[in-house]
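Visitor: I'd like to learn how to read this fold piece by piece. Let's start with the backbone.

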Amino acid sequence: MLTLGTASAAPGEAATGRLEVGEARDGSPVRLPVAVINGADDGKTLYLQAVSDGDELNGLGVVNRVVPRIDPTALSGAVLVVGIVNYYGFQAAEHRNPIDDTKTNRAYPGSANGTTSERIAHATFDAATRADLILDLHQGSTSRMIDEVRVRCGPRHRLHGDCLRLAKVFGCGYVLDQKGPDGQLARIAPNKGIPTVDPELGGCVGWDEESIRKGVEGVFNVLGYYGFLDREVSVVKQTRARGFEQYRSPSGGLVHFERELGERVSVGDVLFEVTGVFGDQRARVTADSDGIFWRSRRLPQVAAGEYVCSVGTNLATY
């Protein structure tokens, strides 16, 4: 039997259940939705989680479509799934955990006796580190972003090559290879010897079917390449960015973008203009480096100093 929380499955079976991670303000238990898919044959274990940021729902869309499609009788190994990590943020439709005002993907490896986010991180980290591979599904919150995968362990880490390979197999087409902040699952789990990546599946309000489709395909690419399923996988070259430049507005007003997501930009190219309410030009912002127009804000109105867009830089193909 393979167990995660209240979900237990014998070889060749699948089960769903709940993983208790604390108590709400009324004293009722907080339980995350989990699934266990226990393959009929021995093999590796994949850990899959989504919604560690409460408004990032494309990963949940992937889980919603992937779990019913995995036949445990045809699976070698096992898949452990936590469908919603940031319980409190998800319920409130907020990015951060509103109980402790924490971004849950900055709380790993967590603490059994810590804040609500640290307790969730502790329980899910315990589940994740039972695996041989980890996929932590994200998106660019509610801003606009290309579909990409992030390798967060840093280029000097002993598992850097393994994480790059996992990102390439997932296959969104773009990889951000940049050491992540402290407390990220994809930064911490490689220290335990487990290749881990953050697929960042676009960015939207709610969820986006095209990004979800890419995420589903990515999960099945991983299942096929690493021997969970008898499935042919073609690993194609990816565009890798090692830098990530963020641009802010020098003035308040309305943003007009001059570049589309995924478009190549060169030094000096205009990224966006800012106008006043009646169309008078307030600012023109140009690219400091060659790269790819990677991410942008969704709403047109900005205050002086507010984030507008990002460019992926130091590009290579691998």
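Guide: Let's begin at V51, which sits in the loop between β5 (41-50) and α1 (58-66). Residues are numbered from 1 along each chain as its sequence is written. This is a predicted model, where local features need pLDDT of at least 70, side-chain atom pairs count only at pLDDT 80 or more, totals for chains, interfaces and linings use all residues, and side-chain values use heavy atoms, leaving out hydrogens and water. As for labels, helices (H or I, at least four residues) and strands (E, at least two) are DSSP runs, numbered from the N terminus.

Visitor: What is the phi of V51?

Guide: V51 is not a glycine, and still its phi is positive, about 60°.

Visitor: And is V51 buried or exposed?

Guide: Buried means under 20% relative accessible area, exposed over 50% and partly exposed in between, with a 1.4 Å probe and protein chains only. V51 is at 1% relative accessibility, so it counts as buried.

Visitor: Where is N314 found, and is N314 buried or exposed?

Guide: N314 belongs to strand β19 (residues 307-317). Its phi is positive too, about 55°, and N314 is no glycine either. Because its relative accessible area is 53%, N314 is exposed. T313 is also in strand β19, but T313 has a relative accessible area of 4% and is therefore buried.

Visitor: Which residues is T313 in contact with?

Guide: Contact means heavy atoms within 4.5 Å. Setting aside neighbours within four places in sequence, T313 meets A241, R242, G243, F244, E245, S289, D290 and G291.

Visitor: Now peptide bonds. Which residues does the cis peptide bond join?

Guide: Look at Y108 and P109, where omega is about 10°. P109 is in the loop between α2 (87-92) and α3.

Visitor: How many residues has α3?

Guide: Helix α3 (residues 116-128) has 13, and the distance from its first C-alpha to its last is 18 Å, close to the 18 Å expected at 1.5 Å a residue. The expected span is 1.5 Å times one less than the number of residues.

Visitor: Which residues of α3 are buried?

Guide: They are T116, S117, I120, A121, A123, T124, F125, A127 and A128.

Visitor: How do I read two helices that meet?

Guide: Two packed helices are described by the angle between their axes and the distance between the axes. Take helix α4 (residues 160-170) and helix α6 (residues 209-225): their axes come within 7 Å and cross at roughly 125°. From α4, R165, L166, V169 and F170 meet K214, G215, G218, V219, N221, V222 and Y225 of α6.

Visitor: Is N221 buried or exposed?

Guide: N221, in helix α6, is buried, because its relative accessible area is 11%. Not counting residues up to four places away in sequence, N221 touches V169, F170, R231 and V233.

Visitor: On to strands, then.

Guide: Strands of a sheet pair through backbone hydrogen bonds, either parallel or antiparallel. Two strands pair if DSSP finds at least two bridges between them.

Visitor: In what order do the four strands of the open sheet run?

Guide: The order is β16-β15-β13-β18, with antiparallel pairing. The edges are β16 (281-286) and β18, each pairing on one side only. Strand β13 (residues 253-257) has four bridges to strand β15 (residues 270-275), and two bridges to strand β18 (residues 301-302). L254 shows both pairings: its bridge partner is T275 in β15, and Q301 in β18.

Visitor: Which residues of β7 are buried on each face?

Guide: L133, L135 and L137 are buried on one side, I134 and D136 on the other. In strand β7 (residues 133-137), that is five of its five residues.

Visitor: How many bridges pair β5 with β7?

Guide: Five, in the parallel sense, and A50 stands opposite L137 in β7. Two bridges join β7 to strand β11 (residues 196-201), again parallel, with L135 opposite V197 in β11.

Visitor: Last one: which residues does S76 touch?

Guide: S76, in strand β6 (residues 76-82), touches D41, D42, G43, K44, G227 and F228, not counting residues up to four places away in sequence. The C-alpha atoms of S76 and A127 are separated by 19 Å, and the two residues are 51 residues apart along the chain.

Notes
Axes are lines fitted to C-alpha atoms, for helices over the stretch in contact, and angles run from 0 to 180 degrees between N-to-C directions.
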